[in-house]
Structures are given as C-alpha cells and as structure tokens.
Amino acid sequence: MNNNISRPLCLSLIPLLLSACGSGGLLTTVGPDYQTEPLPAPASWQAPQADAAKGQQAHQGDTAELMRWWERFQDPALIRLLSAAEQVSATVADARARIEEARANLVGADAAILPKLDSEFASKRSSSSFGGTPFIWNQFSAGLQSSWEIDLFGGLARQQEAAQSQLESRNASWHDARVAVAVEVADAYLAYRYCEAQVQLLRTDSDSRRESARVAAVAGQSGFRSPGDVALATASAAEGNRTLLQQQAQCERSIKSLVAMTGLAEADLRSLLNGSADQAAKLPTPPAFEIASLPAKVLLQRPDVAAAERDLAEASANIGVQRAKQFPKLSLSGNITPTLQNINGAALMLAQTWAIGPTLSLPMFDAGKRAADVEVAKVQYQAAESRFRAKVRTAVKEVEDALVRLDSTRQRLPQGREAVSGYRANFQALQTLYQSGLGNLLDVETARRNVLASELALEELEQEQVGAWIALYRAAGGGWTDAGESPNPDTAAADPSIPSDTGNTHLYPNQNDMLNGGNS
C-alpha cells in the first residue's frame, strides 16, 4: 500500500490507539459517589436463644458451613429432593437468566468506553449510457470506520458502575432463590413426614378402637355389656377409621406437592420416601446452631439484603448517568474507503476516500427533559433506599420470629411430653377398670380421645420446632456462597446450571464497611 493510503488509515486508527491510555480523557465524573452506611440494625437480638445452640457460632464464621447444613440432617431423601428441586425450579432458572442478562449489560457498558472499529466490503456492477454505447462499470471497495466517545463527564463510567452493581445484585438474588427453594422443599418434606407420623398414631388409635368394638360386641352378645356400650364402641371405631382415612388422603396430597416441586416421577419419589425404614414416619433432625451476637453480621450473610444494597448502588450510579446527559458530548471518528473501478475492461483505477475528526454535541433545549430524568433517577434512588431499609427490618424480624419460635417450642416440649404421659396413664387405668366391669365406657373413650389429642399435639410441637430451625436457617441467610465459590465444591465443576462467574455476593469486599460505614 502506498503512503497516500497508509497515512489516512493510520489517522483513522487514532481512536483505537488512544483507548490504550484508558480513560485519560475523563475531565470529571458527575453524580454522587456511592457511600456505604452502617446497617440500620439493632445492637443485639432481643429474643432468647436455645441452650442447645450455645457456644456454636452461626456458620462457624463461614457461610459455606451452613451451605452444608442440610447434609448434617443425615437424611438422604431430603438431600435428593433439594437437589432435584433446584434443577427444575423456574424461580432459580429465572434468576440465572437475569444473571446472564446483567452480564451482557456489563459487557455493553465496558464496550461503550472503548473505541469501536468496523469494516465493510462491497462489490457493484452497473451499466451506464449517455445516448451512445453503454459502458460497463465495476466497483470494488473496502471500508474501515472507527469511532470513540470520550467520556468527558463520566457518564459512561457511571453506566459501567451501574451495570456492575446490577450483576452483583442478580448474583445475590440467584442465591436467594436457591435458599428459598431449599426451604420450601424442606418444609414440604417436613409436612409429609409429620403427616406420616400422624397416620401412624391414628392407625394405632384406630386399631385400638376396632379391638374395643370387637370385644364390646362379643360381650354384648353374651349379655355382659349394654346395647348402648356396644353402639358407643362401634361409633368410636368408625370415627377412628374416618380420621385415619382423612389423614392418609392428606399424605397423598403432600406427595403430589413434592412431585410438582422436584419434577421426580411419582413412582421414584415414593420409592425414595419409603426407601429407608429409619426415616419413615420420622421427623428430620436439624443440627442446632447459634446466631451471632451482632445482628449486622447476620444480615451480611443474607443474599436478599445483599441484592437490595447492590440495587441501591445501581440507583446511585444511574443518577450520574442521567446527569452526564446534561453536558456536552465529544466523539472522535474516522474512516477510509479505497475503491477499485473498472470501466469496459480498462485498467483498474484506484479512488481513495478518508475522513477523520472530532464531533462536539452541545445540549441546547429539550424543554426540561434531561433535568426531569435526573429528578426521576434521584427519586428512584430514594425508593431503592427505602426498599433496602425495609428489607433489613424484615430480616431482623424474621430472625427474631424464628428465635421466639425455637424458645417457645423448647419450653413447651417438656409440658407436651408430660401431658401425653399423664393422659396415657389415665386411659390405661380407666380401660383396666372397664375391662374388669367396674368402669364406664364413656369415660374410657373420653380418655382415649385425650391421649390421641395429646399425642398429635406433641407431634405437631416437634414439627414446629424443626420448622423453626429451618426458618432460622433462612433468616440467617441460608447457605449461599462467597465470590466465585460454587454451591458444592465437589460437584460445581460438573454442574452446568451454576453460573460461571457469580461475582462478590457479600455486600462489600470488606464486611466491616457495612458495620462501620465507608466508601464502596
């Protein structure tokens, strides 16, 4: 290529060379610089904590520990259900899609700061005539265009900042979705095991009533029991069987719910639930843990709070994006288009076209639209701040609620067990009297109902305790991972469902920033 061509080509590539200098053309960055503030959280928890959890710091100071909290249930069926549910959850899939969308936005924001370089190639054959013999005209051209918007007032930098905050928010929301799905499935599994336990109690009660009815019928035929006692015993047996059938139907509905949540075939699910005789009709046993003494430390572990804080940072950056639109915009562009032409088979001729120069755009009059957009961005920031503070208050409430539930069940369980023991002793005494001919069947049936009610209440109380531990797991932030750490270090590399770059899921690189305040 001769010097006449190479000179404009080099000039057209000036923006690309200038980009290597970074953002040296940046004069100033408009808009507020986002600053972190201490979490609006109380100094300590007001609700008491269970004695069984004393001395155990939440997560042992490591969020990955609570991620493996489910494994310490030592319930293979629960682990399998949790894994299956996460794979088919539409909520998790949507959250994962939003991560990819945010990542694409960040790529676009990064690209906007750098020069753009495009090329084009064209070939054209045409015929022209000026009243005489037509001539054939062949054209072959190749073009190179470059452009670069110089970020004078930091609008593009703010856009990049907003996109980065958005990606971090979407990552945290993905973790929150995973925790929510795990809790939902665990609660459904707990409800099924609780239902099984109720069926077991009701079946035992129904068998006892049926046997009493049989004995009463035999005694009635022999004249040792009145027709009223026989009728009462028969009615009691029918009532017990009706209650049992109703509870069995409830368990069937629980299975249908688990099928919908996990996507497992019903036959496979039933085989999984019934595969271990040790787990059948037995409530899962959660490992105890203690919540950290500082509420702010616990809130740092919650992905929903992290997402809300990153949304606040994004809203702050968007103010700068809109503010920069009120200032001049400078761009530098260049192009070169050499063209080869051939007319009626004559020798090729070369034509050169090139251009390079800056363009300065000055906002003049827009009837106040740009100023209105800035005000909208400021109001959106205030709304994001309100949502963030509301999320923190809700998080504190959820932890306090779970702690209250745990403390309440801890105090009520001994009373429930004592009630069962007392009612059972009373029933056995009255039944012995009745069988010896000294008691009343009505008293026996009343005592039987008291035993059943107390046993069901105790089972419900035990379910409430397990549910409270699960609620505390969710309130404490669940088991979500730190920057770049996969949900399960042993399987993440082979799991295509895990986003490859989760980003920093904590609120700040240094969590003390959130505790003490500081710049982001």
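**View 1. Glu 149 stands opposite Ser 331 in strand E4.** The model is predicted: local features need pLDDT of at least 70, side-chain atom pairs count only at pLDDT 80 or more, and totals for chains, interfaces and linings use all residues. Residues are numbered from 1 along each chain as its sequence is written, and side-chain values use heavy atoms, with hydrogens and water left out. Strand E3 (residues 135–150) and strand E4 (residues 329–336) run antiparallel, joined by seven bridges. Strands pair if DSSP finds at least two bridges between them. Helices (H or I, at least four residues) and strands (E, at least two) are DSSP runs, numbered from the N terminus. E4 also runs antiparallel to E7, with eight bridges. There, Lys 329 stands opposite Ser 361 in E7.

**View 2. Leu 360, Leu 362, Met 364 and Phe 365 make a nonpolar surface patch of about 550 Å².** Patch residues have over 30% relative accessible area and no salt bridge; like charges are joined within 9 Å, nonpolar side chains (Val, Leu, Ile, Met, Phe, Trp, Tyr) within 5 Å. Areas come from the Shrake-Rupley method with a 1.4 Å probe; for residues, only the protein chains shown count as cover. Leu 362 lies in the loop between strand E7 (354–361) and helix H11 (369–435). Its relative accessible area is 47%, so Leu 362 is partly exposed (buried is under 20%, exposed over 50%, partly exposed in between; 1.4 Å probe, protein chains only).

**View 3. Trp 70, Phe 73 and Tyr 473 are linked by ring pairs into a cluster.** Rings of Phe, Tyr and Trp (its six-membered ring) pair if their centres lie within 6.5 Å; planes under 30 degrees apart count as stacked, over 60 as edge-to-face and the rest as tilted. The structure holds three aromatic pairs. Trp 70 and Tyr 473 pair edge-to-face, 4.8 Å centre to centre, with 65° between the planes. The partners are 403 residues apart: Trp 70 is in the loop between helix H3 (63–67) and helix H4 (76–88), Tyr 473 in helix H12 (residues 441–475). Trp 70 is buried at 5% relative accessibility. Tyr 473 is buried too, at 2%.

**View 4. Glu 100 and Arg 103 meet in a salt bridge (2.8 Å, N to O).** A salt bridge is a side-chain nitrogen of Lys or Arg within 4 Å of a carboxyl oxygen of Asp or Glu. Both residues lie in helix H5 (residues 90–113), three residues apart, about one turn of the helix. Glu 100 is partly exposed at 39% relative accessible area, whereas Arg 103 is buried at 18%.
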